[in-house]
Amino acid sequence: MTQAELRLCSLLLQEHFGEIVEKVGNSLLRTGPRPLRLLVGDTGLLPDQVKKALCVLIQHSLVRYEVQPRGSVEYEARSERILRILRYPRYIYTAKTLYGDPGELLVEELLLHGHLPMSCAVARVADRLTETMEGKGKRRHSCDEEEEGESKAKRQKKEGGSSETPPDDGIYWQVNLERFHQHFRAQALVSAVASRMDQTSSEVVRTMLRMSEVTTASGASHTQPLSSNEIFRSLPAGYNIGKQVLDQYLALLADDPLEFVGKSGDSGGGTYTVSILCEELGVLNQKHSQPLELSFTSAPTDLHKALVSLATATLESIVEESFGSRCARIFRLLLRKKHLEQKQVEDFAMIPAKEAKDMLYRMLSENLVSLQEIPKTPDHAPSRTFYLYTVNVMAAARMLLHRCYKSVANLMERRQHEMRENKRLLEKSQRVEAILASMQATGAEAAQLHEVEEMITGPERQQLENLKRNVNKIDASENQVDETIFVLESFIESTMKRP
Amino acid sequence: LSMAGRGRGRGRGQMTFNVEAVGIGKGDALPPPTLQPSPLFPALERRAVPLPGGEEGEYMLALKQELRRAMRGLPYFVKPGAPRRDIERYSDKYQLSSPTDNAIDWNPDWRRLPRELKIRVRRLKKGRTTPLVPKQRVALDKEETIKKLESLEKKEEEVTSEEEEEKEEEEEGKEEEEEEYDEEEHEEETDYVLSYFDNGESFGPDSDDNGDEAVY
């Protein structure tokens with residue numbers, strides 16, 4: 001685990017669970033799995049505090065425990081899972097877009113509490129819905145469970161003797177993060193198609209993906225073949241394209257060099273599959289408004305190649321934004337040509353030598369580009385050696401991911417700093433709000449309310465507005481960086497899985 | 001030994017490899033040597049692209065802040081024990097302190113957690129008010145004595161809970177009497193309804209974030 005990851009995990013734990021949980025989590029992350037008493041010793045906390053913290057962490061699946069053969073229990077922190085806290089808003093928002101308010105609230109409740117029995121979760125969501133909207137609180141929401149639940153049935157050891165044991169006692173549900181990740185990857189694919197071709201094509205691909213959601217295993221490289229008739233029947237209601245038009249779109253998609261869609265047969269009007277590992281292609285250019293140019297050299301049914309495209313698109317974007325478009329041109333050139341000498345770079349990129357040199361060195365110093373030595377003679381004499389510039393995509397991706405973790409940690413610290421600096425003013429503002437609220441409830445006059453409002457002076461109001469604007473900006477940035485983290489992590493993870 | 005340094009420094013910056021191959025021609029000006037660590041906030045050459053706005057971004061932002069706020073209020077947010085006041089106040093007796101380290105304020109499913117994490121809490125029964133009485137009397141003594149006694153209490157609890165664990169390990173498979181948690185331990189026996197009591201200090205610097213919510 002890198003320092004950057006550790007620091008980020010620390011901040012996330014502290015912000016959401018407090019310092020005691022943070023200390024315990026920290027100790028586990030830094031020194032590895034250990035039993036309770038060592039943890040107490042390390043953290044310097046009281047045993048009860050540590051126990052409480054562990055209960056919270058286990059409840060939220062951030063720590064797992066294992067009973068050792070000799071009977072002692074060892075606790076282990078799950079760093080990847082802790083980092084997912086950053087993505088909670090995205091999970092909740094996605095649930096909202098897919099399943100509406102009940103879905104959103106359900107995912108939110110499950111994330112807030114770690115895991116819940118269904119009866120409990122449904123009751124909470126129903127309460128919240130009736131709070132906001134009258135008459136809409138239904139108790140049965142069968143749509144959400146299959147997609148988002150992961151049930152854990154436990155044998156009941158003993159009836160606790162409590163008055164009401166709910167009928168689903170012992171069965172807990174939690175959010176299936178991996179399934180959401182699959183969805184995000186699918187979203188990226190649809191997005192890429194939309195910007196590369198057009199809206200309708202992306203709808204076709206989206207339909208195909210939707211049809212295959214449940215039948216495609218999580219790590220699969222293709223969807224099951226779908227016949228064009230089936231696709232035609234499953235298109236969303238608003239799309240009134242004729243069958244022939246659909247066929248044309250499918251043919252176009254299959255012919256596209258990106259090979260999102262492959263034709264696998266002719267039955268049923270032609271069967272097509274979607275290369276899911278192409279779902280790794282994404283328009284991941286969050287920073288540009290123009291569509292990305294994605295360059296591919298071979299069929300993306302090869303998972304690795306598809307993910308390389310994804311990661312390289314992100315890298316290109318980062319180079320462009322940090323160093324400028326000429327530098328990005330050199331970078332893309334190196335990606336395409338793999339290894340180039342100094343002179344060749346100047347020639348192919350059509351950039352004057354001095355400028356090209358300068359750009360290469362800058363990228364070299366940032367480790368985005370590296371030098372490869374190819375000796376001509378066995379004695380590796382410097383004058384008889386080729387020096388080639390190259391991009392090591394995996395290394396660059398790791399480096400940038402590390403930088404992302406650092407960035408988010410810095411953003412969080414800055415945000416907390418801003419809040420601390422303005423603590424006094426914030427508290428004052430809250431008090432004034434409370435007073436105003438209670439005065440309004442008891443029907444005070446406008447003049448009195450105005451008097452209370454005046455308690456916060458003009459400059460103070462300005463200060464509060466600045467604070468709010470800054471904090472919002474920082475929060476939005478954190479969300480943004482997490483998108484890049486998702487892309488890079490997906491790429492690295494799948495590359496590591498290759499035999 | 002002094003011979004070892006000879007030959008170095010002659011000619012500008014000799015390198016072990018042929019610098020021409022990398023592109024540094026003869027007579028080119030090299031950038032000046034770096035004599036200090038890079039600045040903490042290096043100047044940005046180009047402005048960062050603005051954040052994507054839009055409904056999705058706004059909503060996710062609101063969700064993020066709402067989530068943060070909500071989690072602070074949940075029992076999973078473990079707060080350290082209330083700081084000791086400098087002067088013992090009369091009102092302390094009537095104030096419901098937030099559950100200190102000794103209690104866990106939510107109900108985990110103990111079937112899914114290791115036994116050792118269960119915090120042993122003293123039962124509060126009518127017949128057993130005696131352990132509490134010394135606690136209250138102690139409040140009138142000086143602080144050092146309080147601390148001493150509390151640490152002794154804690155030790156006693158630790159010892160007993162350790163003993164419990166050993167016993168449990170020996171008696172595998174037997175039905176054990178489970179310690180009942182009593183979350184009412186902190187409810188003092190007074191004639192006054194505690195939620196009505198407000199000593200007017202909730203606007204002070206010690207208050208929690210949500211001063212406008214009632215304390216039950």
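In the predicted model, strand β1 of chain A pairs with strand β3 (residues 73-77) of chain A in the antiparallel sense, the two being joined over two bridges. Within this pairing, R34(A) has Y75(A) of β3(A) as its bridge partner. The pair belongs to an open sheet of three strands in chain A, arranged in the order β1-β3-β2 with antiparallel pairing. The edges of this sheet are formed by β1 (34-35) and β2 (63-67) of chain A, each of which pairs on one side only. Helix α4 (residues 47-59) of chain A lies across β2 and β3 of chain A, and its direction makes an angle of about 105° with β2(A).

Two helix pairs were also examined. The axes of helix α10 (residues 199-212) and helix α12 (residues 243-255), both of chain A, come within 10 Å and cross at roughly 85°, so that α10(A) is roughly perpendicular to α12(A). To this contact α10(A) contributes T200(A), S201(A), V204(A), V205(A) and M208(A), while α12(A) contributes L246(A), Y249(A), L250(A) and L253(A); by class, the contact comprises seven nonpolar and two polar residues, with no charged residues.

For helix α18 (residues 423-441) and helix α19 (residues 446-453) of chain A, the axes likewise come within 10 Å, but the crossing angle is roughly 175°, and α18(A) is therefore roughly antiparallel to α19(A). The contact involves V432(A), I435(A), L436(A), M439(A) and Q440(A) on α18(A), together with Q448(A), L449(A), V452(A) and E453(A) on α19(A). Here the residues divide into six nonpolar, two polar and one charged.

Key:
Residues numbered from 1 in each chain as written. Chains lettered and ligands numbered in written order. Predicted model: local features only at pLDDT ≥ 70, side-chain atom pairs only at ≥ 80, totals over all residues. Heavy atoms only, no water. Pairing = 2+ DSSP bridges. Helix = DSSP H or I, 4+ residues; strand = E, 2+ residues; numbered from the N terminus. Contact = heavy atoms within 4.5 Å. Axes fitted to C-alpha atoms, helices over the stretch in contact; angles between N-to-C directions. Parallel < 35°, antiparallel > 145°, perpendicular 65-115°, else oblique. Nonpolar A, V, L, I, M, F, W, Y, C, P; charged D, E, K, R; others polar.
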